[in-house]
Amino acid sequence: MNPLLSRLQPYPFERLRQLFAGVTPNAAYQPISLGIGEPKHPTPDFIKQALNEAMYAQPSGLAAYPATVGEPRLREACAGWPQRRYGVTLNATTQILPVAGSREALFAFAQTVIDPTHQPVVVCPNPFYQIYEGAALLAGAEPYYAPSDPSRNFAVDWDSVPAATWARTQLLYVCSPGNPTGAVMPLSEWEKLFALSDRHGFVIASDECYSEIYFRDEPPLGGLEAAAKLGRTDYRNLVAFTSLSKRSNVPGMRSGFVAGDAALLKAFSLYRTYHGTALSPVVQAASVAAWNDEAHVVANRAMYREKFAQVTPLLAQVLDVRLPDASFYLWAGIPASFAGSDADFARDLLAQYNVTVLPGSYLARDSHGNGGLGYNPGAGRIRMALVAETAECLEAAQRIVQFVQSRT
Ligand SMILES: Cc1ncc(COP(=O)(O)O)c(C=O)c1O
């Protein structure tokens, strides 16, 4: 067996299952889950139609192997989107690669860029999307967790990473808009990271799958957009990961793309040839339709805005929470009466009110940075994914208010 497998941590949902084992949820209430960040708004009909039509297309439909790099028309559609959204021009042949959702790509990318013979470090935010850690460990690297700072809108404290750690860093994961914090990285933060990348030679993987669900007037800044604004139009050492899952409500379709540094994408494409993750021709056709349409994205964002506008003030009565910059999560501090135990909060909430939330500490690790070892920046917080319909999210929020009030 690969010995690195034993270094993997149990996934947060597995930990949640263990936490809830033996808990009997109050049957007087219908179950509501805010636990999993899976989009639940309906898939637009035109995407389903495109899938259907592609299945019966002549001459091949499903009767041909797809190429790893995707069809040219898909890469063109992918390149068209960042052009419209960020004003960046990308070469659809050398700077774009379709992927089967950003998750597999975020994982596989570490396997491509890490050189395990040089004591590599992978830096990632804390709390963080768990794939970064697994990808780092299985590539033979040591993860380093840079804590997010609640006093600065959950910006990651990159300054807390020691110079000796940056010197060993081969890969940096950034997540903007962040899961779970919803924080968007401003240009100044990108400038800092580009300078560090130039100094130490590491690659930046920019996870941007929540970029289209935002609550401020201004759309979130993208990594490639930041690079272009700073004159880095070769996107050196930068690859952005984007996805249709949240933008177009197709998490089951498994479709996204990566874009940026042509040399990195060449190596990634080579890796992927062997890894074998080419997108089905049917998925490629539906993805072209999805990337080329913006109306459904605007409508989807409007649904989230309406929902967050109603639910957030209700929860703010009892939790330390406010509207995030973006994403579909609320990242809330629990009241002092729970003595910082986000796991107790989640367990008792399920038992009394049949609502599932994710303990924040499950999404983070003891941080090396501010607060020193032993400080988990997710402790005392919960993550709520407002993915269900507004009425259901409101019902969950009302139960959470009652739950907290019953404890104070
Ligand atoms: C931060 C983040 N990145 C990437 C993904 C992967 O999404 P997908 O593989 O559907 O593109 C998720 C999914 O929840 C996520 O939260």
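1. Start with a loop. Asn 153 sits in the loop between β4 (142-149) and β5 (155-156). This is a predicted model. The phi of Asn 153 is positive, about 55 degrees, although Asn 153 is not a glycine. Is Asn 153 buried, exposed or partly exposed? Its relative accessibility is 26%, so it counts as partly exposed.

2. Now take Asn 354. Where is it? Asn 354 lies in the loop between α13 (342-353) and β11 (355-356). Its phi is near 55 degrees, again a positive value in a residue other than glycine. Asn 354 has a relative accessibility of 8%, so it counts as buried. Buried means under 20%.

3. Check the prolines next. A cis peptide bond links Asn 126 to Pro 127, with omega about 5 degrees. Pro 127 belongs to the loop between β3 (121-126) and α5 (131-138). Another cis bond runs from Ser 176 to Pro 177, and its omega is near -5 degrees. Pro 177 is in the loop between β6 (169-175) and α7 (187-200).

4. Look at Arg 73 in helix α3 (residues 72-86). Arg 73 has a relative accessible area of 46%, so it is partly exposed.

5. Turn to the ligand. The space it takes is the largest pocket. How many residues surround the ligand? There are 14, and the closest are Asp 207, Ser 243, Ser 245, Lys 246 and Arg 254. By type, the shell divides into 5 nonpolar, 5 polar and 4 charged residues.

6. Which helices build this shell? Both α4 (102-113) and α9 (244-247) supply at least two residues each. The most come from α4, which gives 3 residues.

7. Follow the polar atoms around the ligand. A nitrogen atom of the ligand lies 2.6 Å from an N or O atom in the side chain of Asp 207. An oxygen atom of the ligand is 2.6 Å from a side-chain N or O atom of Ser 245. Ser 102 places a polar side-chain atom 2.7 Å from an oxygen atom of the ligand. How much of the ligand does the protein bury? Taken alone, the ligand exposes 400 Å², and the protein buries 92% of that.

Terms used
Residues are numbered from 1 along each chain as its sequence is written. This is a predicted model: local features need pLDDT of at least 70, side-chain atom pairs count only at pLDDT 80 or more; totals for chains, interfaces and linings use all residues. Side-chain values use heavy atoms; hydrogens and water are left out. A residue is near a molecule or strand if one of its heavy atoms lies within 4 Å of it. A polar contact is a pair of N or O atoms within 3.5 Å; within protein, one must be able to donate a hydrogen and the other to accept it, and residues adjacent in sequence count only if both atoms are side-chain atoms. Accessible areas come from the Shrake-Rupley method with a 1.4 Å probe; for residues, only the protein chains shown count as cover. On a 1 Å grid over the protein atoms alone, a cavity is a set of points where a 1.4 Å probe fits but cannot get out, and a pocket is an open set with protein on both sides within 12 Å along at least five of seven lines; lining residues have an atom within 4 Å of a point. A molecule sits in a cavity or pocket if more than half of its atoms lie within 2 Å of its grid points. Helices (H or I, at least four residues) and strands (E, at least two) are DSSP runs, numbered from the N terminus. Ala, Val, Leu, Ile, Met, Phe, Trp, Tyr, Cys and Pro count as nonpolar, Asp, Glu, Lys and Arg as charged, and the others, Gly among them, as polar. Buried means under 20% relative accessible area, exposed over 50%, partly exposed in between (1.4 Å probe, protein chains only).
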